[in-house]
Amino acid sequence: MRRALTILTGNPLTLTGLVLVALVVLAAALADVLAPFPVHRGAVVDFVNFNKPPSSDYWMGTDLVGRDLFSRILYAYRISLILCAVVLAIAVPVGVVLGVMAGYLGGWWEYGLMRVTDVFLSIPPLVLAMSIMGVLSPTLVNGMMAVTAMWWPWYTRLVYNITRGEKAEGYVLAAEVIGATRAHIMFREILPNCVPAIVTKMTLDAGFVILIVSSLSFLGLGVQPPTPDLGSMVAEGAKYLPDSWWLSVFPGLAILIAVFGFNLIGDGLRDILGAHR
Amino acid sequence: MSLLEVRNLTLSFRLWSGIVDVLHGIALSIAKGERVALVGESGSGKSVTARIVLGLLQDLPGAQIGGEVRFNGRDLASLSRHEREALRGRDISMIFQDPTSSLNPVYKIAPQFREVLARRTPRITLAEARERATALLQEVAITEPARVLDSYPFQLSGGMNQRVMIAMALANRPALLLADEPGTALDVTVQAQTLDLMARLVADHGTSVLFISHNLGVVREFADRTYVIYRGRIVEAGPTQAVFEAPGHAYTRALMAAQPRLTGGALPDIVERDPRFFDPVVLHGVPGC
């Protein structure tokens, strides 16, 4: 653990990632304290100060109805992170369990499960999420469902492949020989050997989930106004480029920081966890 | 009565392209406390025989098994899957070729040892398991059991892992130990040491051993009786001494001639098929065979 931490903080890029993610998480957690105008996360109108460029009062300017962009970005982070956590918390366990079962049990389990994941993977992710959102009403919960539905097959694939490899290892046979149950072998013997890959993928994915959710709301299919959301803020501001550049550039940068941070950590983890195998 | 009695064992695999026969009526028996070797080249059916005895192939959809395997007088085919699982790890255990890959790399030795002991004593506590494991590791001449128990398999040498495997295999005092080319992955001196150790321990505990190997030198040292297997058939059987001194079957003679010698010299090739290799089995005056 300590060794891992040393390596993690020893690499400047990974350290950058850690700092960026820490900033994002702090910003989201302390939004109520940090935001200069907490009420601006809702449907507030202040036409005196609308569409102002960045200033000492409004660090990132104001939007078209006079709300502070900085405050809204902080609250948008909160929603992005919650969404990201919920999506991964559902998609990863589902995908991992199905992957281990398909890989270890083989036979019809393998055929059935892997063909179902193939079907999901054959549809471009954004199209799949868009069609789910299009059929259902575009709400936060439906957004989570749509993104979760397109995410779990990747974990099934990943874990399935590792399980197929681990199944041939001596320790699996040794466990079978001492009469271990199939559940024990799948979840106590093989699964721990998949954890490094799963953790790495989760960290990388955290950034991509934020990106996908933002893309959805950029297309108007995600979180609905007046709830602040990075994607819809970029979409809204893009109409007024380049004059009111702050409307889309700051939310865009906010997305960049979060995705970039998670990706740097993911790369660092891959180096650490891949090293001793 | 024999501890293990295998009669007319046949095995075939059903594949897309048809049926492949692997074993053509294997017969062998192991008495209590006896050390029996099964010798043959790769692909002759040594390992699958061991897996059938362990009940690992019975549940495979494509495998068709005929004949009879009796362990302690009970026919394995008549047991349920659950009963067969109960035999494994308690009354029958196994040692493998590559000790390091037989241990799960993500756990330290201590918890893995506990899993093995829990087969016999389901409610064993971690402290009790540690105590038992320490005693068992000392039995296999490991001088610092505490350090070994707190290590991951990849932190230990191959010889050390092999000894851990032997200790685990004998931990529940099984009646039958299957040794599938133990230590083939290790260097020769370590292999010799661990085999000595294993020989001593099974003698102490009165464990029967089915020793599967292609290493004739080791077999000659270790086994009381030897079966020679060729293409899924037993071609020669008898006391090790007799088989080695007066090999009666053409295949056994070819196998013995293919032993590399320290003094060098070219090795004769064993031809793939020779009609004489399918001669009837040669038995060396074993009563009851």
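These legends walk you through close-up views of a predicted model. Local features are taken only at pLDDT of at least 70 and side-chain atom pairs at pLDDT 80 or more, while totals for chains, interfaces and linings use all residues. Residues are numbered from 1 along each chain as its sequence is written, and chains are lettered from A and ligands numbered from 1 in the order in which they are written.

**View 1. Chain B as a whole.** Welcome to chain B, which has 10 helices and 11 strands (DSSP runs numbered from the N terminus: helices are H or I with at least four residues, strands are E with at least two). Its C-alpha atoms fill a box of roughly 60 × 50 × 40 Å along the principal axes.

**View 2. An open antiparallel sheet in chain B.** Here 4 strands line up in the order S2-S1-S4-S5, with antiparallel pairing (two strands pair if DSSP finds at least two bridges between them). Strands S2 (18-30) and S5 (74-75) of chain B stand at the edges with a single partner strand each, so one side of each lacks a neighbour in the sheet. Further in, 8 bridges join S1 (residues 4-15) of chain B to S4 (residues 63-71) of chain B. To find your bearings, look for Val6(B), which stands opposite Val69(B) in S4(B).

**View 3. Strand S8 of chain B, an enclosed strand.** Strand S8 (residues 208-213) of chain B has 6 of its 6 residues buried, so it is largely enclosed by the rest of the structure. Ser208(B), Leu210(B) and Ile212(B) point one way from S8(B), and Val209(B), Phe211(B) and Ser213(B) the other way.

**View 4. The parallel partners of S8(B).** Strand S3 (residues 35-39) of chain B runs parallel to S8(B), joined by 5 bridges; Arg35(B) has Val209(B) as its bridge partner. Strand S7 (residues 176-180) of chain B is also parallel to S8(B), with 5 bridges, and Ala179(B) stands opposite Phe211(B).

**View 5. Helix H5 of chain A.** The 16 residues of helix H5 (residues 107-122) of chain A should span 22 Å at 1.5 Å a residue, and the end C-alpha atoms are 22 Å apart, which agrees (the expected span is 1.5 Å times one less than the number of residues). H5(A) is hardly covered, with 1 buried residue among its 16.

Technical notes
Buried ≥ 20, exposed ≤ 12 C-beta atoms within 10 Å, placed from the backbone.
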